[in-house]
Amino acid sequence: LQADPAHAEALIGLGVLLSRRGLWIEAVPHFRRAVELQPGYAGAWYQLGECLNHLDHLSEARAAYERAVELEPRHARALYGLGIVLDRLKRPEDATHMYRRSREAAGR
């Protein structure tokens, strides 16, 4: 990143490393920058949604997961994450639908 601060893959890698250590708030800017640079990459949107969900930014997490699913309709982890957010937003029927879609996408 020092050599190329706009290297989306490096930003995502750093964000993943930070999030695996539970440093959600530190990871968010890296994922935000990655989705700015590569708005069509569902994986970056999913990772952003994960961080925002852990930080209780539910509306933003929902939007990030939804964008990941728009880009990759069978992204099982994004569908599952969206189900979690919908559960947390007290929308159990919608959450159940997302959980089912996630299982189908994962081939279960």
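1. Buried here means under 20% relative accessible area. The model is predicted. By that cut-off, α3 holds these buried residues: A42, G43, A44, W45, Y46, Q47, L48, G49, E50, C51, L52 and N53. That makes 12 of the 13 residues of α3, so the helix is mostly covered.

2. What does the covering? The cover over the buried residues of α3 includes α1 (8-20), α2 (24-37), α4 (58-71) and α5 (76-88).

3. The length of α3 checks out. Helix α3 takes in residues 42-54. At 1.5 Å a residue, its 13 residues should span 18 Å, and the end C-alpha atoms lie 19 Å apart, which agrees. Just after α3, D56 has a positive phi of about 65°.

4. Now the whole chain. Its secondary structure is six helices and zero strands. From the N terminus the order is α-α-α-α-α-α. The radius of gyration is 14 Å, close to the 13 Å of the globule rule for 108 residues, so the chain is as compact as a globular protein of that length. Along its principal axes, the C-alpha trace spans about 45 × 25 × 20 Å.

5. Take contacts between residues at least 6 apart in sequence: 42% of them join residues at least 24 apart.

6. The chain carries 15 positive and 14 negative charges, and their mean positions are 5 Å apart.

Note on methods: Residues numbered from 1 in each chain as written. Predicted model: local features only at pLDDT ≥ 70, side-chain atom pairs only at ≥ 80, totals over all residues. Heavy atoms only, no water. Helix = DSSP H or I, 4+ residues; strand = E, 2+ residues; numbered from the N terminus. Expected span 1.5 Å × (residues − 1). Buried < 20%, exposed > 50% of the residue type's maximum accessible area, 1.4 Å probe, protein only. Contact = heavy atoms within 4.5 Å. Rg over C-alpha atoms; globule rule 2.2 N^0.38 Å. Lys, Arg positive; Asp, Glu negative; His and termini not counted. Charge placed at Lys NZ, Arg CZ, Asp CG, Glu CD.
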